[in-house]
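Please read them next to the coordinates.

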Amino acid sequence: MDEKGTANVSIGASDYAMLKAAKILEQQFHTRFPGIKDLAFSCNVSVSKLKRDFKETHGVTPLEYFRNLQVHYALHRIENREKTLKEIATELGFKKSSSFLEWYKKSAYEREPQQN
């Protein structure tokens with residue numbers, strides 16, 4: 001700690017790159033997965049380093065992280081009845097609501113979304 005009581009925490013380049021990768025995914029989850037090569041390039045790391053370090057840092061692969069963001073978004077919108085299933089499906093890049101429902105069922109959530 002410094003004299004102001006602030007902890008001196010430094011992160012390495014790899015940690016910074018993984019935080020940057022997560023931020024990019026968080027900003028783009030409602031559009032499309034940017035692609036592993038593009039993501040690695042944006043973070044100035046190799047694809048293999050991104051895959052290895054991202055999983056080590058976040059516990060999941062970049063694609064799993066991206067999909068989890070989409071699931072959380074969809075779940076929140078469904079539970080709060082903010083949007084219809086069709087609107088959510090369209091926002092997340094699904095051409096058909098049925099494709100969205102199939103994807104959603106395979107997700108970490110075992111509940112099927114209900115449209116009322």
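1. **Basis.** This is a predicted model, in which local features need pLDDT of at least 70, side-chain atom pairs count only at pLDDT 80 or more, and totals for chains, interfaces and linings use all residues. Residues are numbered from 1 along each chain as its sequence is written, and side-chain values use heavy atoms, with hydrogens and water left out.

2. **Fold.** The protein chain has 6 helices and 0 strands. Helices (H or I, at least four residues) and strands (E, at least two) are DSSP runs, numbered from the N terminus. The order is α-α-α-α-α-α.

3. **Contacts and surface.** Take contacts (heavy atoms within 4.5 Å) with a separation of 6 or more: 47% of them join residues 24 or more positions apart. The accessible surface comes to about 7900 Å² (Shrake-Rupley method, 1.4 Å probe; for residues, only the protein chains shown count as cover). Carbon and sulfur atoms hold 50% of that surface. Of the 116 residues, 32% are buried, meaning under 20% relative accessible area (1.4 Å probe, protein chains only).

4. **Helix α1 against α4.** The axes of α1 (residues 13-28) and α4 (residues 62-79) come within 9 Å and cross at roughly 40°. Axes are lines fitted to C-alpha atoms over the stretch in contact, with angles from 0 to 180 degrees between N-to-C directions. The crossing is right-handed: the near helix is turned clockwise from the far one by less than a right angle. A22, L25, E26 and Q28 of α1 meet P62, Y65, F66 and L69 of α4. These residues divide into 6 nonpolar, 1 polar and 1 charged (nonpolar: Ala, Val, Leu, Ile, Met, Phe, Trp, Tyr, Cys and Pro; charged: Asp, Glu, Lys and Arg; polar: the others, Gly among them).

5. **Core.** Which residues touch the most other members of the largest nonpolar core? They are L50, F54, L92 and F100, in a core of 29 residues. Such a core is a set of buried Ala, Val, Leu, Ile, Met, Phe, Trp, Tyr and Cys residues joined through side-chain atoms within 4.5 Å. Helices α1, α2 (36-42), α3 (47-58), α4, α5 (85-91) and α6 (97-106) each supply at least two residues. Helix α4 gives the most, with 7.

6. **L92.** Beyond four places in sequence, L92 touches F29, H30, T31, Q70, Y73, A74, F100 and W103.

7. **P34.** Beyond four places in sequence, P34 touches L25, Q28 and L39. P34 and F66 are 32 residues apart in sequence and 9.6 Å apart in space, C-alpha to C-alpha.

Technical notes:
Buried means under 20% relative accessible area, exposed over 50%, partly exposed in between (1.4 Å probe, protein chains only).
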